[in-house]
Amino acid sequence: APVMAGRDFLSNLDMTAAELRAVMDTAHSMKRGEWRGVKPLTGLSLALVFEKSSLRTRTTFDVGMYQLGGHAITLSNTEIGLGTRERVSDVARNLERWVDGVMGRVYLQQTLHELADHAAISVINGLSDMLHPAQLLADYQTIEEEFGPDLRGKRVVYIGDGNNLANSHIHMGILTGSDVTIVTPVGYEPNAGVLMDAVDSGTRITLTRDLAAIEGADVLYTDVWISMGMEAEADIRRRAFRGYQVTPGMLDTLAPEGIFLHCLPAHYGEETVPEATEHPKSRVFDQAENRLHAQKALLYHLLGDTKPRW
Ligand code: CP
Ligand code: NVA
């Protein structure tokens with residue numbers, strides 16, 4: 001049965017460890033094909049609102065709704081002008097009359113909270129400046145495929161920019177007990193509020209600028225140095241992150257069973273090189289595939305109890 005019925009998913013901390021376990025179990029089962037022909041979201045619609053570009057998030061939420069019997073409608077910001085053509089709160093009060101959930105890819109996390117505050121339907125974070133929680137569901141599905149469901153003490157090392165991905169990694173450390181290390185240059189550390197979430201929960205997160213932390217890692221993860229919307233800082237950032245590139249040589253220093261993950265898109269020549277995403281330790285394309293399975297599981301657990309209103 002759905003474990004998060006009707007709720008919002010703006011952060012991984014919007015779920016408990018037990019709810020995450022249920023979503024992961026469903027995701028693995030969906031990937032094994034055990035839900036073929038099962039259509040729990042028949043008659044339901046999800047709006048996909050994009051302030052920024054997307055390949056994976058757009059495709060997997062759309063195909064995921066279709067495979068579960070529902071329907072998705074993509075709204076680009078040139079069409080709806082969130083906050084410019086119309087107030088965010090009014091967009092929320094319109095969408096809730098027609099659709100059963102909204103996924104938003106937005107500049108500001110605050111925009112998602114504003115949508116959620118003014119719409120009774122589920123709001124799902126499809127990436128903000130602060131967090132990318134749906135991505136982390138696919139990431140941990142991929143990690144579980146390698147190491148099994150008990151990740152306590154597994155060394156997950158994130159290297160690069162202390163951005164939305166780094167922040168969501170900290171949240172997953174809180175939820176799963178994985179041993180999270182964030183390696184960034186000085187001045188590019190994760191969000192202070194997210195670090196406080198770790199302190200409040202009694203979870204130890206290691207912050208360092210020392211690349212030696214990578215040695216023996218079970219999971220090495222990186223993301224772009226210049227996130228969408230940060231293009232004006234490109235030159236400063238390329239200089240600041242020099243030396244933090246994930247190379248095949250770096251992958252050779254991981255644990256024997258260690259794996260390399262990247263949420264993609266990759267900016268080759270910056271945070272990594274094609275020889276790393278194509279390396280035997282790379283799981284990045286399985287990880288991309290898992291966006292579909294993990295989000296279908298999430299959609300089932302959020303919307304699976306919703307009755308079509310028509
Ligand atoms: N990883 C990810 O969210 O990819 P897109 O930006 O293509 O959706
Ligand atoms: N940190 C990147 C992730 C893209 C999926 C960005 O925000 O652009």
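**Helix 1 and helix 6**

I looked up how helix 1, residues 17-31, lies against helix 6, residues 133-147, and found that their axes come within 10 Å and cross at roughly 70°. Angles of 65 to 115 degrees count as roughly perpendicular, and so I noted helix 1 as roughly perpendicular to helix 6. I keep in mind that this is a predicted model.

I then checked the hand of the crossing, and for helix 1 and helix 6 I recorded it as right-handed.

Which residues make the contact? On the side of helix 1 I listed Val23, Met24, Ala27 and His28, and on the side of helix 6 I listed Leu137, Tyr140, Gln141 and Glu144. Sorting the contact of helix 1 with helix 6 by class, I wrote down five nonpolar residues, two polar ones and one charged one.

I turned next to the strands, where I found an open sheet of five, with parallel pairing and the order 7-6-5-8-9. Which strands form the edges? I identified them as strand 7 (206-208) and strand 9 (259-262), since each of these pairs on one side only. Going from one strand to the next, I noted a twist that averages 20°.

**Strand 6 beside strand 7**

To see one pairing in more detail, I followed strand 6, residues 179-183, which runs parallel to strand 7 and is joined to it by three bridges.

Definitions and conventions:
Residues numbered from 1 in each chain as written. Chains lettered and ligands numbered in written order. Predicted model: local features only at pLDDT ≥ 70, side-chain atom pairs only at ≥ 80, totals over all residues. Axes fitted to C-alpha atoms, helices over the stretch in contact; angles between N-to-C directions. Helix = DSSP H or I, 4+ residues; strand = E, 2+ residues; numbered from the N terminus. Parallel < 35°, antiparallel > 145°, perpendicular 65-115°, else oblique. Left-handed = near helix turned anticlockwise from the far one by under 90°. Contact = placed C-beta atoms within 7 Å. Nonpolar A, V, L, I, M, F, W, Y, C, P; charged D, E, K, R; others polar. Pairing = 2+ DSSP bridges.
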